[in-house]
Amino acid sequence: MMESITRDKLVNHMVNNDLFRDVQYGFGLRRSCMTQLLITLEWWTELLDGGDHVGVIWFDFRKAVDTIPHRRLIKKLEAYGIKGGLLTWIKNFLSARRQRVVVNGKLSTWAEILSGIPQGSILGPILFVILLMTYLMMSRTAKIFADDTKLQGIRLYENCLQLQDDLNRLVEWSQKWQVGFNEAKSNVLYLG
């Protein structure tokens, strides 16, 4: 229940301060997976009907919610104006978590968990999107639904350069923020 309240506060803060980008779907008002699909198909159809070609690159972040670095996320939340009791609650939610493993019946020592949101968390997806916002601010070709990212461009030389530039930025962002890609679930599509 508390996670739901916290998620709603985060979303309201992001919406009220106009911090979500138009390319983000799934957590804003009236911006669902279906909305993204319809907008994308409309754009592709318009381009293809006009004789253009479309290139699309899909990315899946590897264990996106499981790899969110706590300290970097907290800095990001502070940068977006999250403070007071809400920030303290999120810090407490993420901190003081430990884990250990069993191998051949032997227990390892306890280790502090420095990244990731607990499995099945209500907060995980929105916290990942907030972490992703740095990249989204720079992207000209991205469409995002939770942790699924799509870069798209048309055949024109300038658009291919934009698509390549966004791809380079996404790779740089993923290295800086320590969030990797699942290459097996990533794909390229060329229409035209």
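A salt bridge here is a side-chain nitrogen of Lys or Arg within 4 Å of a carboxyl oxygen of Asp or Glu. This structure holds three of them.

Some ground rules. This is a predicted model, where local features need pLDDT of at least 70, side-chain atom pairs count only at pLDDT 80 or more, and totals for chains, interfaces and linings use all residues. Residues are numbered from 1 along each chain as its sequence is written, and side-chain values use heavy atoms, with hydrogens and water left out.

Start with helices α3 (residues 70-79) and α4 (residues 84-94). Their axes come within 11 Å and cross at roughly 170°. That makes α3 roughly antiparallel to α4, a label for angles over 145 degrees. Which residues of α3 make the contact? They are His70, Leu73, Ile74, Leu77 and Glu78. From α4 come Leu87, Ile90, Lys91 and Leu94. Contact means heavy atoms within 4.5 Å.

Lysine 91 pairs with glutamate 78, with the closest N and O atoms 3.9 Å apart. Lysine 91 lies in α4 and glutamate 78 in α3, so the pair ties together parts 13 residues apart in sequence. Lysine 91 is partly exposed at 35% relative accessibility; partly exposed sits between buried, under 20% relative accessible area, and exposed, over 50% (1.4 Å probe, protein chains only).

Next, α6 (residues 157-176). Aspartate 165 bridges to arginine 169, closest N and O atoms 3.1 Å apart. The two are four residues apart in that helix, so about one helical turn separates them.

Last, aspartate 8 and arginine 7 form a salt bridge at 3.2 Å between the closest N and O atoms.

Notes
Axes are lines fitted to C-alpha atoms, for helices over the stretch in contact, and angles run from 0 to 180 degrees between N-to-C directions. Angles under 35 degrees count as roughly parallel, over 145 as roughly antiparallel, 65 to 115 as roughly perpendicular and the rest as oblique.
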